[in-house]
Amino acid sequence: MPAYPWWIGGAASVIAGVITHPLDTLKVRMQTQKTDGDGGVLALVTHIATTEKYGLLALFAGVDACILRSLTYSTARFAVYEEVKASLAESQLAAASPLIARIVSACAGGIAGGIVGSPADLVNVRMQMDSTLPPTQRRNYANAISAMIQIVRTEGPRALLSGLDAGVLRAVLMTAGQIATVDTVRHELVSRGVLAANAVLLHVVAAVAGALVATTLCSPVDVIKSRVMAQQKKPKRRRQQQQQVRSTSEGSAGDNSVGDVDSDDDGYANLLEAGRKIFDEEGVLAFFKGWTPAFVRLGPQTVLTFVGLEMLKRAYVAYGPMVRGNWGVAALVALVGVLTAAASVLMGASVERRQAKTDKTEKTDKTE
């Protein structure tokens, strides 16, 4: 088996991510709803088409952040997964249980991807949710890069890691459920003679199985991550507030007062608190909000990613010798990324100008 370049998994993920981005937006919208919506996915699509200024184009909000996330998160998890799997190939662990070796490799890849991709993931969630907020609370990020700069300026550098714990946990579950499952299903189908190793149907079947497992494993963590990342402000000095309440309510119903502090605070201080609040206020089914659009999105995305990955591998085997090492192709990928970022900046500036013009017109009409 030839050695493939480290970036090839990220390149396949970028293509699949852009195509399926509208479905990801629907998933995030449903996961951040705190009340049960009527009609499910179709009702949400209808609502977006009829009530939001840009109609169904709002489903592509944050697509530049999606590209940036794929270039960081997906590239890291695929690269580390393949590297660790290769290092374990001759180990006793792989000989005793290939599945466990794949899961260990997936966990390592997920941790790397979750950490590297956390800032882009945060921006992606916020841009997808921005149009649902009241006008006075909208962040109006022009593009992914300017969003990161604005977050650092207004909230501090640590804000880029909001939801990091949930993001890393989700990345581990996603990589284990998706990549490890796809590898295992492909191996079993080929070794049992069900499908040929070069059959496209093999990758499709394995990808659907991986998407099903990954969606179910990740849904609870995905809901918590989306809530933590979408919140307006991370609560601070929570412990001091609780201690102050306890001291002022000493000798009275102190427990009830502390409970009021928790209930009045709409933010989530950490992953565990977010999970507790969601369970207490909305029930266990809230952790599976958005499962349907998540699977509908992850299924095609996983199929596109792994089928595209195989195509890129075949192309690399055929044309790779034309390039000296990985640097030529990597430079091409970097150029595509720069052009995409430049296009997103221009598109964002255009949207801002149209928004400002529309707001000015509305204000003029109101004064008249």
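**View 1. The largest nonpolar core.** Val123 and Ile151 touch the most other members of the largest nonpolar core, which has 17 residues. A nonpolar core is a set of buried Ala, Val, Leu, Ile, Met, Phe, Trp, Tyr and Cys residues joined through side-chain atoms within 4.5 Å. Here, buried means under 20% relative accessible area, exposed means over 50%, and partly exposed lies in between (1.4 Å probe, protein chains only). Helices α7, α8 (144-155) and α10 (200-230) each supply at least two residues of this core, and α7 gives the largest share, six residues. A second, separate core of 14 residues includes Trp7, Phe78, Ala180 and Leu309.

A word before you look further: this is a predicted model, in which local features need pLDDT of at least 70 and side-chain atom pairs count only at pLDDT 80 or more, while totals for chains, interfaces and linings use all residues. Residues are numbered from 1 along each chain as its sequence is written, and side-chain values use heavy atoms, with hydrogens and water left out.

**View 2. The surroundings of Ile151.** Which residues does Ile151 touch, not counting residues up to four places away in sequence? They are Leu122, Val123, Arg126, Tyr141, Gly156, Ala159 and Leu160. Contact means heavy atoms within 4.5 Å.

**View 3. Helix α7, mostly covered.** Twelve of the twelve residues of α7 are buried. Among them you can find Pro119, Asp121, Asn124, Arg126 and Gln128. The end C-alpha atoms of α7 are 17 Å apart, which agrees with the 16 Å that its twelve residues should span at 1.5 Å a residue. The expected span of a helix is 1.5 Å times one less than its number of residues. An α-helix has 3.6 residues a turn, so residues three or four places apart point the same way.

**View 4. Ser118 in α7.** Ser118 lies in helix α7, which covers residues 118-129. Is Ser118 buried or exposed? Ser118 has a relative accessible area of 2%, so it is buried. Not counting residues up to four places away in sequence, Ser118 touches Leu160, Leu161, Ser162, Leu164 and Met229.

View 5. Ile115 is partly exposed, with a relative accessible area of 47%. Ile115 and Leu164 are 49 residues apart in sequence, but their C-alpha atoms are 6.9 Å apart in space.

**View 6. Helix α9 and its kink.** Helix α9 (residues 164-191) has 28 residues. From its first C-alpha to its last, α9 reaches 39 Å, close to the 40 Å expected at 1.5 Å a residue. Where is the kink in α9 centred? Look at Thr181, where the kink is about 25 degrees. The bend at a residue is the angle between axes fitted to the seven residues ending there and the seven starting there. After α9 comes Gly193, whose phi is positive, near 75 degrees.

**View 7. Asn140 in a loop.** Asn140 lies in the loop between α7 and α8. Most residues other than glycine have a negative phi. The phi of Asn140 is positive, near 55 degrees. Asn140 is partly exposed, with a relative accessible area of 44%.

**View 8. Phe60 in another loop.** Phe60 lies in the loop between α3 (40-51) and α4 (63-88). With a relative accessible area of 39%, Phe60 is partly exposed. Leaving aside neighbours within four places in sequence, Phe60 is in contact with Val18, His21 and Pro22. The C-alpha atoms of Phe60 and Thr25 are separated by 7.4 Å, although the two are 35 residues apart along the chain.

**View 9. Two cysteines.** Cys66 is buried, with a relative accessible area of 7%, and Cys218 is buried at 2%. How many disulfides does a search of the whole structure find? The search finds zero, where a disulfide is a pair of cysteine sulfur atoms within 2.5 Å.

**View 10. Stepping back to the protein chain.** The helices (H or I, at least four residues) and strands (E, at least two) are DSSP runs, numbered from the N terminus. Buried residues make up 45% of the 368 residues. Among contacts between residues at least 6 apart in sequence, 80% join residues at least 24 apart. The protein chain exposes about 19400 Å², and carbon and sulfur atoms supply 64% of it. Accessible areas come from the Shrake-Rupley method with a 1.4 Å probe; for residues, only the protein chains shown count as cover.
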